[in-house]
Amino acid sequence: MEIKKKLVMTFKTVLGKKVSISLDNPKEGLTEGEIKAAMDNILSKNIFTSNGDDFAACVDAKIVETGTENYDLA
């Protein structure tokens with residue numbers, strides 16, 4: 001089984017909408033503090049918008065694992 005990981009960071013915009021940014025293959029052992037620091041950095045630098053709406057606050061973050069089972073049926 002192939003396991004893939006993704007870091008999903010969710011922010012709230014100035015207009016109150018939730019927006020997520022995901023990163024594939026986050027480093028092993030990533031801490032809550034490191035994730036919070038990265039999210040705070042994204043907010044302070046104002047580098048992303050959603051339809052022109054600036055990010056205003058951090059909501060949450062999670063590491064999502066998905067497993068894929070492949071079957072060769074040929």
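**View 1. E34 and its salt-bridge partner K27.** With a relative accessibility of 34%, E34 counts as partly exposed in this predicted model. Its side chain meets that of K27 in a salt bridge, at 3.2 Å from N to O. K27 sits at 52% relative accessibility, so this lysine counts as exposed, the cut-off being over 50%. Elsewhere, salt bridges with shared partners tie K5, E28 and E65 into one network.

**View 2. K5 reaches over to E65.** Here the side chains of K5 and E65 form a salt bridge, 3.7 Å from N to O. The two ends are 60 residues apart and link distant parts of the chain, with K5 on strand β1 and E65 on strand β4. K5 has a relative accessible area of 26%, which makes it partly exposed.

**View 3. E2 paired with K4.** This salt bridge joins the side chains of E2 and K4 at 3.8 Å, N to O. E2 is partly exposed at 38% relative accessibility, and K4 is partly exposed too, at 46%. Searching the whole structure turns up five salt bridges.

View 4. Four strands make up an open, antiparallel sheet, ordered β2-β1-β4-β3. At the edges are β2 (18-24) and β3 (49-50), each pairing on one side only. Helix α1, residues 32-45, lies across β1 (2-13) and β4, and runs at about 140 degrees to β4.

View 5. S50 has D53 of β4 as its bridge partner.

How values were computed: Residues are numbered from 1 along each chain as its sequence is written. This is a predicted model: local features need pLDDT of at least 70, side-chain atom pairs count only at pLDDT 80 or more; totals for chains, interfaces and linings use all residues. Side-chain values use heavy atoms; hydrogens and water are left out. Two strands pair if DSSP finds at least two bridges between them. Contact means heavy atoms within 4.5 Å. Axes are lines fitted to C-alpha atoms, for helices over the stretch in contact, and angles run from 0 to 180 degrees between N-to-C directions. A salt bridge is a side-chain nitrogen of Lys or Arg within 4 Å of a carboxyl oxygen of Asp or Glu. Buried means under 20% relative accessible area, exposed over 50%, partly exposed in between (1.4 Å probe, protein chains only).
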